[in-house]
Each structure stands twice: as C-alpha cells, then as structure tokens.
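Here is a protein model to look at. Keep the picture open while you read the questions.

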Amino acid sequence: MSEHYFTESPSSEAKSRELNLELAGRAVTVETVSGTFSPTRLDLGTAVLLRHLPQPPAGDILDLGCGWGPIALHTALDAQSAEVAVRVWALDVNSRSLETTAANARRLGLETINTVTAADVPEDLQFAAIRSNPPIRIGKEALHELLETWLPRLAPGGQADLVVSKNLGADSLQKWIAGMLGDGYSVTRTGSSKGFRVLTIERG
C-alpha cells in the first residue's frame, strides 16, 4: 500500500526541496519534504485560507494538521509583525511533517512554534484560534473524530477557520459541525474561492 501524508512514520526516501513563497506579506524560502502534504507547492486550499485569515489573537493557536508548516509559519510571522504574543501548536501525526515544520521555524527564526502530536498537548489547554486545512482524505469517520476532539477546545471568544473543497463536501461538513457543536457556537461560510470554502466557527 502506498504511503499517505497522514502516515505516522513514512518509510519512503525523504526528498527535500526549497520553495520560495510569500507568507504573511514576507518573501520566504522554506524546505518541503516528500511524504508530507503537498510537498511540491503551497496547496491551493491552504493559499485560499491564508488570504482569509484575520490577524492572530494573543494566546495559544492550533494549526491542526500542519504538514510542512505553512499555516503555522504564516501565523507566527503575522503575529511577529503585529507584535502579538502567541504560542503556535503545530500538530500532526506525521513525524516527517513535524520535523520539517520545526526546521522551517528555525530557518525563519520563529521561536513561537511548538511542533506536537496530540499526546503532547495538555488536556486542559484551550485555544484562542484554530486554523486548519483538515485532512479530508482520512475518511469521514476519522475526520469527524478529529474535529470532535479539537473544535470544542476553542476558548470562549475563540475562532476556528477551516478550508474545505466544495467538491469534497464543504457544505455538508458545515452543517455537521454546527450540529456537533450545538448552542454556544456559530458556524458560517466566510469565504469562497477557486472551489474552496472557508468555514469559520466562533465560540460565544
């Protein structure tokens, strides 16, 4: 069976490359590695999400499924420019993704990024913001379990922003999230571009 980006410990040969791109208004060079999500370019859905993200709030911010790190890096750079104190938790199951995100954070001098697996996150920690291009291809049941685990950990007043392809069920996922979270949360579509929806969850 071929490996996927959600494989915990990829065994395929790690092939790295450099990407030049813009994150949080800055031209940066990062490293990507095979065996992670979208290693050859900034994924289109992630690019749509980054364009829609507000300035990060102060506090703990979760990048759920960090890949090689674009959302975490963008968030930390944006916070640095705005002089906002954040701690970014870049979470993934893939060890190669975590290693690459950590290396990119060091390359850009970002000390606010903490690469973690789920087991590394304190159980009582709540997040001022959650940002994610969720791994739709892990399957509906696993995806729902992932979102049921992390979205309720938004702090009061917190905001989660997710990007999902319309063709992969963004509209039905929006309805499911609203039903799963129930009262006290709002779930709205705040952006739509290039076949992707940005879903924003706010906790009152």
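The questions below ask what lies behind the words used for this fold.

This is a predicted model, where local features need pLDDT of at least 70 and side-chain atom pairs count only at pLDDT 80 or more, while totals for chains, interfaces and linings use all residues. Residues are numbered from 1 along each chain as its sequence is written, and side-chain values use heavy atoms, with hydrogens and water left out.

Q: Which residues does the UniProt annotation "domain: Methyltransferase small" cover?
A: The unreviewed entry gives residues 28–190. Such annotations may be inferred rather than shown by experiment. The span is 36% helix and 28% strand. Helices (H or I, at least four residues) and strands (E, at least two) are DSSP runs, numbered from the N terminus.

Q: What is the order of the strands in the open sheet?
A: Seven strands run E5-E4-E3-E6-E7-E9-E8, with mixed pairing. Two strands pair if DSSP finds at least two bridges between them.

Q: Why do strands E5 and E8 stand at the edges?
A: E5 (113–116) and E8 (185–193) each have a single partner strand, so one side of each is left without a neighbour in the sheet.

Q: What makes E8 and E9 a pair?
A: DSSP must find at least two bridges. E8 and E9 (residues 196–203) have eight, in the antiparallel sense. Ser-193 stands opposite Phe-196 in E9. Arg-189 stands opposite Leu-199 in E9. In their hairpin, with two residues between the strands, Lys-194 takes a positive phi near 55°.

Q: Which strands does helix H3 touch as it packs on the sheet?
A: H3 (residues 95–107) touches E4 and E5. Contact means heavy atoms within 4.5 Å. The direction of H3 makes about 170° with that of E5. Angles run from 0 to 180 degrees between N-to-C directions.

Q: Why is H4 called oblique to H5?
A: Angles under 35 degrees count as roughly parallel, over 145 as roughly antiparallel, 65 to 115 as roughly perpendicular and the rest as oblique. H4 (residues 140–150) and H5 (residues 170–181) pack at about 45°, with their axes 11 Å apart. That angle makes H4 oblique to H5.

Q: How many nonpolar residues does the contact of H4 with H5 have?
A: The contact has six nonpolar, one polar and one charged residues. Ala, Val, Leu, Ile, Met, Phe, Trp, Tyr, Cys and Pro count as nonpolar, Asp, Glu, Lys and Arg as charged, and the others, Gly among them, as polar. Leu-143, His-144, Leu-147 and Glu-148 in H4 meet Leu-173, Trp-176, Ile-177 and Met-180 in H5.
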